[in-house]
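Please read them with the coordinates open.

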Amino acid sequence: MSQDYNFAYLDEQTKRMIRRAILKGLAIPGYQVPFASREMPMPYGWGTGGVQVSAATLTPDDTMKVIDQGADDTTNAVSIRKFFQKTADIDVTEETSKATVIQTRHRIPEEDLREDQILVYQVPIPEPLRFLEPRETETRKMHALEEYGLMHVKLYEDIARHGNIATAYAYPVKVEGRYVMDPSPIPKFDNPKMEMAGIQLFGAGREQRIYALPPYTQVVSLDFDDHPFDPSKADAPCDLCGATHTYLDEVIMDDAGTAMFVCSDTDYCRSRREAGHTGAQSAAQLHEVNA
Amino acid sequence: MTDTPLFSVRDVSKFYGGRIGCKDVSFDLWPGEVMGIVGESGSGKSTLLNCMAGHLTPDQGQVMFDTRDQGMVDTVTMSEPQRRMLSRTDWAFVHQHARDGLRMNVSAGGNVGERLMAVGARHYGDIRDSAIDWLGRVEIAETRIDDRPSAFSGGMMQRLQIARNLVTGPRLVFMDEPTGGLDVSVQARLLDLLRSLVREMGLSAIIVTHDLAVVRLLADRLMVMKDGHVVENGLTDQVLDDPQHAYTQLLVSSVLQV
C-alpha cells in the first residue's frame, strides 16, 4: 500500500458520513438517502458511487471482488480492483465464494451470497420515476405519499407498444410493500435474486444518493395481473459450460452472424468447467470432434 | 336533491401582496349542479378556481367538500396526502390548455389509464377496455389509442383530457376555460359532449370562462366576478336576460351578434 493514501482513499470523516447514510438506508429499505458525494479519481459513470460505498465498507481483513457486466477481467473491474489494492492493500479475488465485499456493475453473481457478504452496486440513475416525472421535488413527494401509479403507466406503454413488458434491465421493484426502487441496470433475470442473505448497498455518485436492502428483504418486481413479471434470458445453454440456468451473453463470432452464448458470470462459468461440465463449443468437446 | 351541498365555499380570499386576487367569495354547490363563473381577464376567476381546487392556498376562508367517508371536510386544512387522493378520485381538473393536463409523451390509452392505475388498477386488459370505452365516449376513434397526444388536433387533445379526468367517475369537475383556443365548430361539438356527459353522469361542475355562450349552454347558475369580487349571482337565464349590476349589463351587451 502506498503510504500517501489514507486506508481506502477517502478520509475518515468522509467514510463516517457515508456509513451514516448507509445505516439510514438499511433502516429504511429502498429509500434514497442523500449524501455528500466526493469527487473520485475516475469519471462519473465509471462507478464513483459504488467505489465510495465500498471504501466506507471495507476493512483491512476484507477480500474484494469486482464485477463488470458479470466479468472480472474487463476494464472497469480491473481498474477498480487495482484502485483498492493500491489504496487499501486488501486481498482481492475473482471467486464469489471467497469475497466478503463484492462491487458490481450490471449483474448479481449466479452463486447465492451468504450472510457475511456485502454486494455493492454502481448506480447511474437512482430515481425510478426520473424519465416519467423530471421534477425532483415532485418525485420526492410521490415517494413520500406512495403515489406510484405512474410507474405502471410506463409498463402500460411497454405493453401497448411491444405487446409485452419490454423493460429488460433496471426493472422497477417495490421493497417491503413501500418504496419503489431502481435496482440499477441489472437484467430483470437478476431481480428475483435480490431477496438474498447478503446485504445489498447501492451508490450513485453523480446523483449523490445511497440506498440499501437489508438481508432477506422482500423485493417484488412490478407487473400487471394479466402480464406477470417474467425474468427472461436467452433461450439456449452456455456454449462453454452447458449451463441452462444462468444469464447468457451473446457473442458474435464472424461477419456471417454466427453467435455463441456464454455465461455472463465468468467466474461461475469457469468453476463449472473446472468441475467437468462442458458445452457445445468447449475446448474438450471441439477436441473430440477434431480427433 | 339531497339536503346537504356537495361543495361549499365560505369567505375565500386570496391576496397577492397588497393586490386582491379574490375576496370574500361564498357559495354552495349542490349535487348535479353546474356553476358558471364569468368575468373579464384579471377579475380573479382563475385565482378562485385554483384556490378551490387546492392548487393555491387561500389566505382566508374555507373550502368544504362532502367526502364519501367523513362528510363535510375543509380541504384547505386537510393533509396533503388526503387532498392529493381527493384530486385523483372525486375531483377532476380540466385545464384550458390540454397540454397542461396531458402527458404528451404517453399514448392516449396511457393518459386515460393513469388515474385508474393511480388508484390501484393492476389489470392491463381492464385498463385498456375502460380506455377504449372512454375514448369512444369522447368521440375519439379506437384506432388512435396508441397514438401520442402530440399527434392529435387541439379539439381531440381537449376531449382526451376530459376522458382522462372523468375515467375514475369524479363527483366534482373544475374546468378552466375548457373551450378556449378552439375554433367555433369544434367548440360547439365539445360543448355538446360536455353537456351530455354532465347530464349522464350527474356531475357537479364549476366552469370558469369568459364566453357567455358556454355558460348559457352548460351552467345552471352563474356568478359574475369583477376585480376579485362577486358582483352578481343567480340562475343563468335570469342573470343573462335581466342583468342588474352595471358590469353584468356591460358584459351581456358586449356579446357580438352575428
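Which residues does A:Arg130 touch, not counting residues up to four places away in sequence?

1. This is a predicted model. With residues up to four places away in sequence left out, A:Arg130 touches A:Ile125, A:Glu136 and A:Glu207.

2. A:Arg130 lies in a loop of chain A, between strand E5 (118-122) and helix H4 (136-144). With A:Glu207, one of the residues it touches, A:Arg130 makes a polar contact, side chain to side chain, at 3.4 Å.

3. Turning to the two chains, the contact involves 21 residues of chain A and 22 residues of chain B. About 1900 Å² is buried between chain B and chain A, and 55% of that is on carbon and sulfur atoms. On the chain B side, the most area is lost to chain A by B:Arg84, B:Arg122 and B:Tyr124, which together account for 38% of what that side buries.

4. Five salt bridges are found across the interface of chain B and chain A. A salt bridge joins the side chains of B:Arg84 and A:Glu147, at 2.8 Å from N to O. Between chain B and chain A, twelve residue pairs are in polar contact, counting pairs with both residues at pLDDT 80 or more.

5. Three helices of chain B, namely H2 (80-88), H4 (108-118) and H5 (124-137), each supply at least two residues to the side that touches chain A. H4(B) gives the most, with five residues. By class, that side of chain B has nine charged, seven nonpolar and six polar residues.

How values were computed:
Residues numbered from 1 in each chain as written. Chains lettered and ligands numbered in written order. Predicted model: local features only at pLDDT ≥ 70, side-chain atom pairs only at ≥ 80, totals over all residues. Heavy atoms only, no water. Contact = heavy atoms within 4.5 Å. Buried area = accessible area lost by both parts, 1.4 Å probe. Salt bridge = Lys/Arg side-chain N within 4 Å of Asp/Glu carboxyl O. Polar contact = N/O pair within 3.5 Å; in protein donor to acceptor, adjacent residues only side chain to side chain. Helix = DSSP H or I, 4+ residues; strand = E, 2+ residues; numbered from the N terminus. Nonpolar A, V, L, I, M, F, W, Y, C, P; charged D, E, K, R; others polar.
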